[in-house]
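Dear colleague,

Please find the structure below, handed over for your use.

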Amino acid sequence: EPILKHSLANVLAALAVPLSAAIAAPAQPVTSKVQICASCHGVHGLPADPSVPIIRGQQAAYLQKQLNDYKNGDRDSQIMSSIAESLSATEVSGIANYFADATWPTEPNASLPAAPAAIQTCKICHGANLTGALGPAGPAPRLAGQGVPYLIDTMTAYANGERANSPLMASLMHNLSTADRQAIAKYLAACVDGKQHDGRAF
């Protein structure tokens with residue numbers, strides 16, 4: 001909670017520009033806009049709070065959809081909605097491409113556990129290596145290497161109906177047990193670019 005409060009304070013401070021200055025100032029380049037993102041998502045791409053997703057190296061189409069969903073009210077987050085509502089369509093696209101062009105950050109993890117049966121279903125939309133793809137239901141994000149707390153929180157939110165901007169995900173997660181979702185999260189977090197840390201393909 002202290003990290004969240006600190007991040008919220010930083011974000012609000014960055015957004016708190018006097019109206020007169022906002023009107024007079026020219027449009028900021030994307031590089032200055034993405035500095036706001038670092039408050040929560042990490043300067044080098046690894047968030048200090050593991051419940052916050054990695055977005056550096058994420059799929060551009062997915063990032064653009066999520067920003068638009070926050071902007072339109074299809075996703076709810078006090079911080080993210082405030083940021084997204086301040087962005088133009090051009091800025092949304094630019095920010096999504098900026099992060100997509102960056103390298104996904106990695107850090108050593110435990111050995112890759114046995115793949116849960118549901119992983120094969122995940123690959124249909126998220127790609128054979130789980131690094132993101134354009135799936136049957138639209139842009140699907142990279143899951144490989146994402147943090148366990150974030151993955152569990154997201155799957156639980158879909159299962160409980162707290163997140164509803166993907167009907168397919170809501171249906172899939174609702175049919176999984178808590179233990180199933182935890183096993184999937186641990187497996188995905190240990191994946192890096194479709195390989196185990198010892199280099200063997202999974």
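Please note that this is a predicted model. The protein chain has an average pLDDT of 85, and 80% of the residues score at least 70. Two stretches call for caution. In residues 12-26 the pLDDT is below 50, and this stretch has 6 contacts in the model beyond near neighbours in sequence. Residues 196-202 also have pLDDT under 50, with 17 contacts beyond four places in sequence. Where pLDDT is low, the predicted coordinates should not be read in detail.

The search for charged pairs gave 2 salt bridges in the structure.

One of them joins the side chains of K33 and E91, with an N to O distance of 3.6 Å. This pair links distant parts of the chain, as K33 belongs to helix 3 (residues 30-41) and E91 to helix 6 (residues 89-100), 58 residues apart. K33 has a relative accessible area of 14% and is buried. E91 is buried as well, at 13% relative accessibility; both values fall under the 20% limit for a buried residue.

In the other salt bridge, K65 pairs with D69, and their closest N and O atoms are 2.6 Å apart. Here both residues lie in helix 4 (residues 60-72), 4 residues apart, which is about one turn of the helix. K65 counts as partly exposed because its relative accessibility is 29%, whereas D69 counts as buried at 7%.

With kind regards

Definitions and conventions: Residues numbered from 1 in each chain as written. Heavy atoms only, no water. Salt bridge = Lys/Arg side-chain N within 4 Å of Asp/Glu carboxyl O. Helix = DSSP H or I, 4+ residues; strand = E, 2+ residues; numbered from the N terminus. Buried < 20%, exposed > 50% of the residue type's maximum accessible area, 1.4 Å probe, protein only. pLDDT = per-residue confidence, 0-100. Contact = heavy atoms within 4.5 Å.
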